[in-house]
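Have the model open as you read.

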Amino acid sequence: MALSRLVPAATAESADTAALRAEVRAFVAEQLCAGSFTPSVDAWLCGWDEDFTLALAARGWLGMTVPKEYGGHGRSFLERFVVTEELLAAGAPVAAHWIADRQIVPALLRYGTEAQKREFLPKITAGECFFGIGMSEPDSGSDLASVRTRAVATDGGWSLAGTKVWTSGAHRAHAFIVLARTAPVDPAHRHAGLSQFIVRFTDPGVEVRPIISMNGGHHFNEVILDDAFVPDTMVFGAIGDGWHQVTSELAFERSGPERLLSTFPLLAASAESMAGQAIGRDADLGRLVARVAGLHRMSTAVAGALERREPADVAAAVVKVLGTTTEGDIADFADLYAGDDSTIGSRYRELLGSAVDQRPGFTLRGGTNEVLRGVIARGLGLR
């Protein structure tokens, strides 16, 4: 009963959104037949394909919630949800535009200056501008209040010094939004004195260093800010209001379908293998499918709350904790039941290998589940 207070009720899908879902499915089927992409696990993080991004932009499926005056399409969060959910379920390569479309767009609409909106929103909508996020730092974990990157006021702007880590796509993206401390730490108010800045990766004093995963993949980076100058025009939101801005942005980062569908291509392949008796039937598969179905409803409900401009940070934390746990359980299930069975095809093995490799990160990125359980407890009035 307590949990029901945190997650808003989901509404039934309308005829228009159902038609949009069918349109996206048809597009995905065409792309698969044309060999444009191969379904993969964690495609929203690892599947960087700028041509695919441009194909989506041409169909009006980027910047969907951006008003037409900024080059967008003026559509709803629920319509965007339908498009992203179908692409994720298909394992489509959406990493190039993902952060910009998911998180930067609503942040710009809410906190950006008019000049910032007119510079970045049309390019994001066209699939021509990619963003990263500069929140995490070495030794900070999910405790964003402990960030040590500093921004010092200077003539005409700010000088930023510090290190950001786990910045997805920084080696390919154009800019990122950096959380930095603009006032000394007040032990009694640790979240005060934080501000955000838009920083281009090509700016002087900005160095991107790759973080190579154990499987050889490269999507994370460390970004060194060595007295990087940021003009006043690239201050994002209000100086000193960074914590409030970040927490509102995290609702978009934590509640989306990517927090429950990273391993969906593997789940679908497992169901197909069972249907073909390559894997023995097991009730655990049905339980995983049921969990994903329930999470779909919860994630849809949060999208509706965001559409209504209702607070959704706690509900987003609930979706993130339950969704990423389910993603990991899907990887474990497939790994256990595939075993050393030689009848399992190479494609299934590839999906399984990727899921197992990525599994440790599911409950870490976007805020560790341990920290988010604290957010949920506070929302329930338990802490």
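Start with helix 6 and helix 8 (residues 242-255): their axes come within 9 Å and cross at roughly 140°. Keep in mind that this is a predicted model. Helix 6 also packs against helix 7 (residues 114-125), and that pair gets its own section below.

**Helix 6 with helix 8**
- At that angle, helix 6 and helix 8 are oblique to each other.
- The crossing of helix 6 past helix 8 is right-handed.
- On the helix 6 side, the contact uses R102, Q103, P106, A107, R110 and Y111, while helix 8 brings H244, Q245, S248, E249, F252 and E253.
- By type, the residues of this contact divide into 4 nonpolar, 4 polar and 4 charged.

**Helix 6 with helix 7**
- Helix 6 (residues 95-111) and helix 7 have axes that come within 10 Å and cross at roughly 155°.
- Because angles over 145 degrees count as roughly antiparallel, helix 6 is roughly antiparallel to helix 7.
- This crossing is left-handed.
- Helix 6 puts A100, D101, I104, V105, L108 and L109 against Q116, K117, F120, L121 and I124 of helix 7.
- That contact divides into 8 nonpolar residues, 1 polar and 2 charged.

**Cysteines**
- Searching the whole structure turns up 0 disulfides.
- C46 is partly exposed, at a relative accessible area of 37%.
- C129 has 5% relative accessibility, so C129 counts as buried.

Methods. Residues numbered from 1 in each chain as written. Predicted model: local features only at pLDDT ≥ 70, side-chain atom pairs only at ≥ 80, totals over all residues. Heavy atoms only, no water. Disulfide = S-S within 2.5 Å. Buried < 20%, exposed > 50% of the residue type's maximum accessible area, 1.4 Å probe, protein only. Axes fitted to C-alpha atoms, helices over the stretch in contact; angles between N-to-C directions. Helix = DSSP H or I, 4+ residues; strand = E, 2+ residues; numbered from the N terminus. Parallel < 35°, antiparallel > 145°, perpendicular 65-115°, else oblique. Left-handed = near helix turned anticlockwise from the far one by under 90°. Contact = heavy atoms within 4.5 Å. Nonpolar A, V, L, I, M, F, W, Y, C, P; charged D, E, K, R; others polar.
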